[in-house]
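Here is a short tour for someone opening this model for the first time. Keep the sequence and the 3D view at hand while reading.

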Amino acid sequence: MATFTFTLQGASPTTIDATDIIQFAGGTFDSPIAVNSYNDSTHVESSVGADDSNGNTPHNNKFISQTGGTGGDSQADWGDGTEDLDQITTAECALKINFSHGSAVACSAIKFYAYDGTTPATAPSNIDVRVAEQGDANFTEAEGSAAALTLADSGSATSHDFFIVLSASPLTVGEKTAFAFAIELTYQ
Amino acid sequence: MKAGKYTALEILKALNKATFKVATHAEMDEEGNETPVFADVKPEDVFGKYRVRIAGLRGIATPDHVINLQAGTEKVEVMVGTETYELTLEK
């Protein structure tokens with residue numbers, strides 16, 4: 001059986017359950033992010049609004065620039081100030097996605113993107129979303145399935161880990177709830 | 001080589017083979033029997049010309065095709081043409 005497990009990494013990992021959401025905030029749980037600014041904190045929020053990642057010191061990956069780094073690399077801040085995106089380690093990425101299967105399978109055509117929560121091809125409204133796979137030199141503005149981030153193929157194994165850098169910025173005021181992430185892959 | 005992300009060419013070179021034996025065509029004798037004719041091809045010259053499969057992944061047609069060998073993987077099966085090789089990863 002194939003299973004996806006989503007984890008917000010941090011000092012301790014927080015599993016993102018089926019009814020949980022990833023909350024991008026302004027530094028503390030439920031705090032706002034200024035328009036055109038990027039997240040200063042990331043949390044796991046339960047379906048009843050509780051901070052499930054409280055006490056786990058969850059990682060936050062903050063977009064800084066698309067090409068302002070060394071040789072045109074993107075820049076991000078994951079707790080040590082601004083650095084080139086390709087310096088982030090797997091342990092420092094906010095999101096870990098695990099795909100497991102009872103038999104060893106290879107994974108290809110792996111895509112990750114943000115959408116409005118209803119239609120994969122539709123970008124979330126009034127949100128700038130920047131994502132990257134660990135090791136990438138630049139962020140991808142993966143808004144809608146057609147603009148998806150392509151992840152590296154993963155060789156045959158019963159367990160596959162994918163490490164994602166996540167950052168988002170509201171382009172207008174107001175809570176953004178029509179906003180989801182999706183991962184698609186082919187396994188064989 | 002340990003688990004991690006590598007290009008297809010890096011993985012082929014990790015096999016420490018100067019060339020790979022691939023069937024380029026077949027010759028037919030008077031009785032209609034076909035015999036494959038092999039050539040030795042350098043790792044960087046197999047892509048896009050001969051079948052390359054790495055760790056169960058098919059359709060590897062470029063040397064810079066990135067492949068993530070997951071942590072815990074001990075052996076990687078590599079197929080070039082009709083020959084299969086095994087790469088043992090370091091722990």
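## Conventions

This is a predicted model, in which local features need pLDDT of at least 70, side-chain atom pairs count only at pLDDT 80 or more, and totals for chains, interfaces and linings use all residues. Residues are numbered from 1 along each chain as its sequence is written, chains are lettered from A and ligands numbered from 1 in the order in which they are written, and side-chain values use heavy atoms, with hydrogens and water left out.

Helices (H or I, at least four residues) and strands (E, at least two) are DSSP runs, numbered from the N terminus. Two strands pair if DSSP finds at least two bridges between them.

## Chain B in outline

Chain B holds 1 helix and 7 strands. Read from the N terminus, its elements run β-α-β-β-β-β-β-β. The C-alpha trace of chain B spans about 55 × 20 × 20 Å along its principal axes.

How much of chain B is buried? Of its 91 residues, 35% are buried, where buried means under 20% relative accessible area, exposed over 50% and partly exposed in between (1.4 Å probe, protein chains only). Contacts are counted between heavy atoms within 4.5 Å. Among the contacts in chain B with a separation of 6 or more, 53% join residues 24 or more positions apart.

## Surface and charge of chain B

The accessible surface of chain B is about 5,500 Å². Carbon and sulfur atoms supply 45% of that surface. Such areas come from the Shrake-Rupley method with a 1.4 Å probe; for residues, only the protein chains shown count as cover.

Chain B carries 12 positive and 15 negative side chains. Lys and Arg count as positive, Asp and Glu as negative, while His and the chain ends are not counted. The centres of the two sets lie 10 Å apart. Each charge is placed at NZ of Lys, CZ of Arg, CG of Asp or CD of Glu.

## The sheet in chain B

In chain B, 3 strands form an open sheet in the order E4-E6-E7, with antiparallel pairing. Strand E4 (52–54) and strand E7 (83–88) of chain B are the edge strands, and each pairs on one side only. Neighbouring strands of this sheet are turned by 15° against each other on average, direction ignored. Axes for such angles are lines fitted to C-alpha atoms, for helices over the stretch in contact, and angles run from 0 to 180 degrees between N-to-C directions.

E4(B) pairs with strand E6 (residues 75–80) of chain B over 3 bridges, in the antiparallel sense. Val52(B) faces Val80(B) in E6(B).

## The partners of E8 in chain A

Which strands pair with strand E8 (residues 95–115) of chain A? Strand E1 (residues 3–8) of chain A is one of them, antiparallel over 6 bridges. There, Phe6(A) has Ile97(A) as its bridge partner. Strand E11 (residues 153–170) of chain A is another, joined to E8(A) by 8 antiparallel bridges. Ser100(A) stands opposite Ser159(A) in E11(A). Ile97(A) also has a bridge partner in E11(A), namely Phe162(A).

Strand E12 (residues 180–187) of chain A runs antiparallel to E8(A) and is joined to it by 7 bridges. Ala114(A) stands opposite Phe181(A) in E12(A). Phe112(A) stands opposite Leu149(A) in E10(A).

E11(A) is mostly covered, with 14 of its 18 residues buried. Strand E9 (residues 127–133) of chain A is joined to E11(A) by 7 bridges, and the two run antiparallel. Asp128(A) has Ser169(A) in E11(A) as its bridge partner.

E11(A) also pairs across to chain B. Its partner there is strand E5 (residues 66–69) of chain B, in the parallel sense over 2 bridges. Asp153(A) stands opposite Ile67(B) in E5(B).

## A three-stranded sheet in chain A

In chain A, 3 strands form an open sheet in the order E5-E6-E7, with antiparallel pairing. Strand E5 (62–65) and strand E7 (82–84) of chain A each have a single partner strand, so one side of each is left without a neighbour in the sheet. The twist averages 40° from one strand to the next.

Strand E6 (residues 75–77) of chain A pairs with E7(A) over 3 antiparallel bridges. Gln75(A) has Asp84(A) in E7(A) as its bridge partner.
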